Amino acid sequence: MDRGAVTSWAEQAKKLKFHTQAFIDGKWADAASGKTFDVINPATNKVLAKVAACDKEDVDRAVKAARKAFNSGVWSKRPPGERKAILSKLADLILEHQDELALTDTLDMGKPITLTTTGDIPGSSDTIRWYAEAIDKVYDEIAPAGHGNLAMIRREALGVIGCVVPWNYPFQMAVWKIAPALACGNSVILKPAEQSPLSALKLAELAAEAGIPAGVFNVLPGFGETAGELIGRHMDVDCVGFTGSTEVGKYFLRYSAESNMKQVWLECGGKSPNLIFADCDDLEAAADASAFGIWGNQGEVCSANSRLLVEESIKDKFIALLRERAKGFQPGDPLDPATNMGSIVEARQTEKIMSYIEKGKAIASLVEGGKRLTLNGSDNFVTPTIFDNVKNNMVIAQEEIFGPVLSVISFKTEEEAVKIANDTIYGLAASIWSNNLKRVHRLTDVIQAGTVSVNCVDAGGNTVPFGGFKQSGIGRDLSLHAFDKYTNLKTVWVKYG
Ligand code: NAD
């Protein structure tokens, strides 16, 4: 452990000042009820801040402000070049405050500082810049309509968008929603997860500094069962962009059906298969990527490669390679730049993971890890875990554990591999490791997943859509396709001949 570097982050952490109020209509405000909730650093179990617990009055105020700003045109009708300049400034400000934002997310949910400084925060800045740049480069369409007719297909901003996001990439998941929604000209209400609201509040400060007008971007910290549901059921919210569990995603469909039929776009859970064929010519690279794919971010990744489907003839060899990698993935202090696995987000999630590990021990073979550790006074640390001899119908192969737990299932034939890979309610991501070109193409045709990575895991970026088949979701984040979620298509037909 590089003590100097740890101390330096710990010293910076002591100086950090968090926003603790909601941001509504360009102003900081306590919750109308005066209620707050504790935000806890899971790596120490110490309280970081007491944050406003928004409820009905706050949601109503935010929606009213968002609607007023939208109708005024202060953002929605602003020339594209001006919106682009403001969002580009926001991307710059995020980089300027990169250390503070990285530290905030690390303290808030326990992920390693190296991930937040190299991934979450600069990646979020890139995403905002990408959408800023797109604003004045995406054209509408003219449809074939015959002589004397002009048929235009125009995109219009929807209005008020509610964005409800999870804790596993607190800043980045928020940005994946708000960047395209704001780029299209909408007003936005962001509700971060109750486990990790602090970086979203900093985002409100930076957005205002960048020049996003009052009412256009509001942040409401609070609980899912209150602020989240109220956004989902609000009669004047036009659309909800949600990332979180499949269970809560379904609630949002119900809220919509029981209120104003608002559009609901869902990025939900996964149980992604990682298929390793014996004809893969670089098993070392496959093992490196597979280890990162399940143990990176403590396994708290929607597209984590949690089911390893490996050809029987190489199973033992591959598990041995993974066990070597597990040694390099031991949980550590998230503030240590050498740590590549931090703490689980909270005690409740740690208990949930441990209960799956207990269930797994009774039905499969635990070959690595499975331990809960105590570090710095917190027992929210779980070691990299591998279960062998898993059958795909077992609970540890079917349910999303959202922790560093790998289920290994062997197969004999390509057909069997496909059957197992698709035998899940989810369809977020899949990986295939093979050097057989024809096999790879046969498989990418039939694997049911929003992203299929070949000879890599969890590939993606701003330029390609991210989202799920089946119960992993509806709609796509990232790429120009995200604009489909936050705009309405209007046909305007002019007869002039
Ligand atoms: P969660 O579903 O518990 O919470 C997500 C958000 O919904 C939070 O803001 C929460 O406050 C809110 N919420 C909770 N209950 C609610 C309710 N009854 N009504 C309205 N809102 C409610 O998920 P989580 O535990 O924060 O995150 C983990 C889940 O997120 C995993 O299932 C993971 O797969 C998923 N996830 C998916 C993606 C993706 O892009 N597909 C990305 C990251 C995480």
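**Exercises on cavities and the domain interface**

The largest cavity holds about 70 Å³ of space. The model is predicted, so to read it one notes that local features need pLDDT of at least 70, side-chain atom pairs count only at pLDDT 80 or more, and totals for chains, interfaces and linings use all residues. Residues are numbered from 1 along each chain as its sequence is written, and side-chain values use heavy atoms, without hydrogens and water.

**Exercise 1.** State which residues are closest to the centre of the largest cavity, and classify its lining.

*Solution.* Step 1: a cavity is a set of points on a 1 Å grid over the protein atoms alone where a 1.4 Å probe fits but cannot get out; lining residues have an atom within 4 Å of a point. Step 2: of 13 lining residues, Ala-304, Ser-306, Glu-400, Ile-401 and Phe-402 are the closest to the centre of the largest cavity. Step 3: the lining comprises seven nonpolar, four polar and two charged residues, where Asp, Glu, Lys and Arg count as charged, Ala, Val, Leu, Ile, Met, Phe, Trp, Tyr, Cys and Pro as nonpolar, and the others as polar.

**Exercise 2.** Describe the interface of domain 1 and domain 2.

*Solution.* Step 1: the domain assignment gives domain 1 as 3–268 + 473–491 and domain 2 as 273–461. Step 2: the two domains bury about 2,200 Å² between them, 59% of it on carbon and sulfur atoms; buried area is the accessible area (1.4 Å probe) lost on being put together, summed over both parts. Step 3: Ala-43, Pro-112 and Trp-167 supply 22% of the area that domain 1 buries against domain 2, more than any other three residues. Step 4: zero salt bridges are found across this interface (Lys or Arg side-chain nitrogen within 4 Å of an Asp or Glu carboxyl oxygen).

Note on methods: 1 Å grid on protein atoms, 1.4 Å probe; cavity = no way out; pocket = protein on both sides within 12 Å on 5 of 7 lines; lining within 4 Å. Points joined across faces, edges and corners; volume = space filled by probe spheres on them. Domains from an automatic or database assignment.
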